[in-house]
Amino acid sequence: MNEQAFIRIEHLTKVFGKTVAVNDISLTGEKGGFITLLGPSGSGKTTILRMIAGFVQPDEGRMYIGGNLLNDLPVHRRGTAMVFQSYALFPHLDVFNNVAYGLKLRKVSRSKRKEQVEEVLKLVELEGMENRQISQLSGGQQQRVALSRALAISPKVLLMDEPLSNLDAKLRINVRNEIKALQQHLGITTIYVTHDQEEAFSLSDKIAIMKEGRLQQIGTPWEIYHNPRNKFIADFIDMTNFVEAKIETVDKESIILNTPGGRLAMFRERSLEFLPGQNILVTIRSEGIRVKKYIPVSSGDNVLKGEIKQYSYMGKMVKYWVNVGEGMTLSVESLNPEKILTGKVYIAFDKSCIYPIFDKIG
Amino acid sequence: MRINCVVRSFNLQRLVTVLLIFFLAIFVLFPVFRILLYPKLKDYMIMLSRPGSIRAIKHSFFITPLSTLTVLCLGYIFAYAQHYTNMPGKRVFKFFALLPILSPPFIIALSWILLFGPHGFITNFLGIRWNIFGWRGLWMVQSIAFFPYAYLLIAGVLEGIDSNLEFAAGNLGANGLRTFWSITLPLSSPGLVNAALMVAIGVFSDFGNPILIAGGWPVLPTEIYRRVIGYNDLEGAAALCAVLLVSTLILFLVARKGLSSRSYVTITGSAIQTEKPLVGGITKWLMFGFCSFFSLLILLVYGTLAVGAFTETWGVNWSLTLKYWRVLRGSSGLPNSLLLALLAGLGASFFSLFASCFIYKRRFVGKQFWDFVTLLPTAIPGIFLGIGFLLAFNTPPFVLTGGLVIMVLSLLVWNIPLAYQANIAILEQIGPEIEEAALNLGASLMRAFGNVTVPLLRTSFLSSFTMGFLRAVTNLSIVIFLISPGQTTATVQILGSVRYGELGIAAVLATALFATALLIVGMMSFLTKKSMDIFVRGR
């Protein structure tokens, strides 16, 4: 484990009654980095965040920020500012006093306080709103106040608990981009919790995927997308094509698989061991598959015959469900479609679009 | 056919509304105006120049803030300990805290006399002489008697505070004490103000405790009683009643305004309710000590009554006896009390069920006014209502005095606002869509009321019935003016016994009344399966 890491969590465990909410979690994060805890509800990600903030006491494990042990520090000395899912804005205080709250406790002088509050409000484009009551703000504005309240105290680590879940879809993307820009601009170390994989991928330097209190995989968005360690992860990051296959031959560069839809070629990854005759699960990226009415000239590595069962037109793309063999249906995302195809078709994809999934953790 | 159906139900709905309004006019507005208009201007002048009246008014304005403030402090600490610590015995403390609701408030005064009076158990034990009759005794007794109401209202507000707000404060650097002062206390202030006004109305119009324990230290309600019973001076009593009503009405209007402008309800939805940040260390054990002490005090109060019911002569001869229990045989007091309370409780719940659907939910000219009239009895002190009914219904056109009917009606009216508020709280929660859905699917208004609204209000019906029953069975201030020879109630009998010095009989009646109330509540909570929570009043 990296001793120099800014954020270090070791063997963190929390049990509520009979359920193990957080099960032996260890992870590290760099200073200025953006880590996302990604997982479905009940996976323990919020509990981890609340343990770091000090709202929940861990049953086991240690947490460090900048080399300092957090465990025995009371909530108010941890220097971790949290943006709550419900925002938790103080309803009896106006915008200014919400943002100034933490500064006041840090005995920042009145004039300095005013200056700093104005500064952070400017960052989130809320200048001039100081005297508004919280109930007069829209959801998006409340979200920004919550963010600026947390930023105002210049925390060592910013904790964000599903901060976008109460916003509508369009606003969510705007605010997401703003958060990313702000985080990079300020260089503030951030731990972010979400169940939305798109949010996680677009924001993070590092994603930790959780399931039932256990860490499934930790890595950069690229690593996770291109090498999901198990089916749960692949499924969670929206991979839909899972195919049971039997290995026929293994050579230096590639592996030939036998599937219900026909023979398929796959890259051989050197770090993993493959044997002929072995049954494995593979996934095929649906955006890497091309659908054609006739056999294309530059066909790629794999070509299969199939029939379109169903389609769904989504504007910038068409999603097809193509039946390619006994019990084998592949979903295909066809970007920038010229027209919507039906009936018998050919599908083609490179061998880099197909990779093995192992049911393993870690 | 369909149009015909709609028209018919429309008329029926109108008829119900008109009937409700008639009832309110005769039994709420008429008695109020009867009192206010009964004294001539000259009677008002005489009353306000009499030193006795001035003294009583002064006393009332002294004891009300004092008792209210004490009750609020006690209630806040108790409620805070319940919600912000993990101290042992929380359930037991809650049980004891709610016991005083089950008994007539003045039972506490009776027990206080048995404990600390001239022949009191503790007085004898310690061998000291002190005078508990007067404002000090009244202050302590009222503090215990009205404590549960403050506790319940404050606990409701504390429970409703999003604990993430407190976590957020800590997260931004506030320690426990700072979080309390800057977040918890300000956020609970609406509930605190509401509790203060409710308790103040209760203390200000409390009759039973002052008449038992405040002896020669008159307050407004006891002075009114003295004018009626001692001097048969109805004009003077009515004039004082007017002073009483105006004061409580002001408190009531302030409370109503304060509630409607309350802005701290949860702003954003979908907040996960997490556990409260708990207070530990010395604070927790100080609170534990406080709660234990207070619970023991309440146990002592009721234990003393039970022991008193079996004691030969309190303070003189401590041998056990059953002789006082004979009073229950052949006395109509207790059965009358139960019958009155049953009818008044049911009546108020039924009336409110209809009122909440046919006044609160409908739009018609003067709706706001009648909504206000429905809630008005909250602000009417019991003693005012008693005298109001006495003056309003002893002459034609309405002669009702001299029977149980007038007592049932007065207690019913007194209980209406509670049940009405409980129903409204639920109706507000479920919103109009559900009923609209029923109408949309083809139900008539009456059908929608019967099929949808009534079942939804079932729980508030049961809880407001229980609460109404308890209030009626423990009432003294109203019924004392409406009893007639042979038609008395247990509470009036208790008062009589204490005044004749028959403490044994008083203790027996009080114990029996208390036991019955406990039994009824036990049965009701078994029915509603909501334990003591039925006391939590609607907003």
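To find A:H92, look in the loop between β6 and α2 of chain A. Is A:H92 buried or exposed? With a relative accessibility of 16%, A:H92 counts as buried; the cut-offs are under 20% relative accessible area for buried, over 50% for exposed, and partly exposed in between (1.4 Å probe, protein chains only).

Before we go on, a word about how to read this picture: it is a predicted model, in which local features need pLDDT of at least 70 and side-chain atom pairs count only at pLDDT 80 or more, while totals for chains, interfaces and linings use all residues. Residues are numbered from 1 along each chain as its sequence is written, chains are lettered from A and ligands numbered from 1 in the order in which they are written, and side-chain values use heavy atoms, with hydrogens and water left out.

Now step back to the whole meeting of the two chains. On one side, 27 residues of chain A are in contact with 26 residues of chain B, where contact means heavy atoms within 4.5 Å. The size of an interface is often given as the accessible area lost when the parts come together. Here chain A and chain B bury about 2300 Å² between them, and 64% of that is on carbon and sulfur atoms; buried area is the accessible area (1.4 Å probe) that two parts lose on being put together, summed over both. Across the interface of chain A and chain B, the rule finds six residue pairs in polar contact, both residues at pLDDT 80 or more. How many salt bridges are there between chain A and chain B? The count is zero, using the rule of a side-chain nitrogen of Lys or Arg within 4 Å of a carboxyl oxygen of Asp or Glu.

Which elements of chain A give two or more residues to the side that touches chain B? They are α1 (45-53), β6 (80-83), α2 (95-105) and α4 (139-152) of chain A. Helices (H or I, at least four residues) and strands (E, at least two) are DSSP runs, numbered from the N terminus. The residues on this side of chain A divide into 15 nonpolar, nine polar and three charged. In that sorting, Ala, Val, Leu, Ile, Met, Phe, Trp, Tyr, Cys and Pro count as nonpolar, Asp, Glu, Lys and Arg as charged, and the others, Gly among them, as polar.

The side chains of B:E166 and B:T184 are joined by a polar contact of 3.1 Å. Not counting residues up to four places away in sequence, B:E166 touches several others, including B:Y84, B:I183 and B:K276.

Next, a look at the backbone. Most residues other than glycine have a negative phi, and most peptide bonds are trans. A:D24, in strand β2 (residues 19-29) of chain A, has a positive phi of about 50° although it is not a glycine. A:D24 is partly exposed, with a relative accessible area of 42%. A:S154 has a positive phi too, near 45°, and lies in the loop between α4 and β7 (157-161) of chain A. A:S154 is exposed, at 61% relative accessible area.

Finally, how far can we trust the model? It scores ipTM 0.78 and pTM 0.80. The mean pLDDT of chain B is 83, and 92% of its residues reach 70 or more; pLDDT is the predictor's confidence in each residue, from 0 to 100. In chain B, confidence is highest in helix α3 (residues 51-84), at a mean of 92, and lowest in helix α18 (residues 433-440), at 72.

Definitions and conventions: A polar contact is a pair of N or O atoms within 3.5 Å; within protein, one must be able to donate a hydrogen and the other to accept it, and residues adjacent in sequence count only if both atoms are side-chain atoms.
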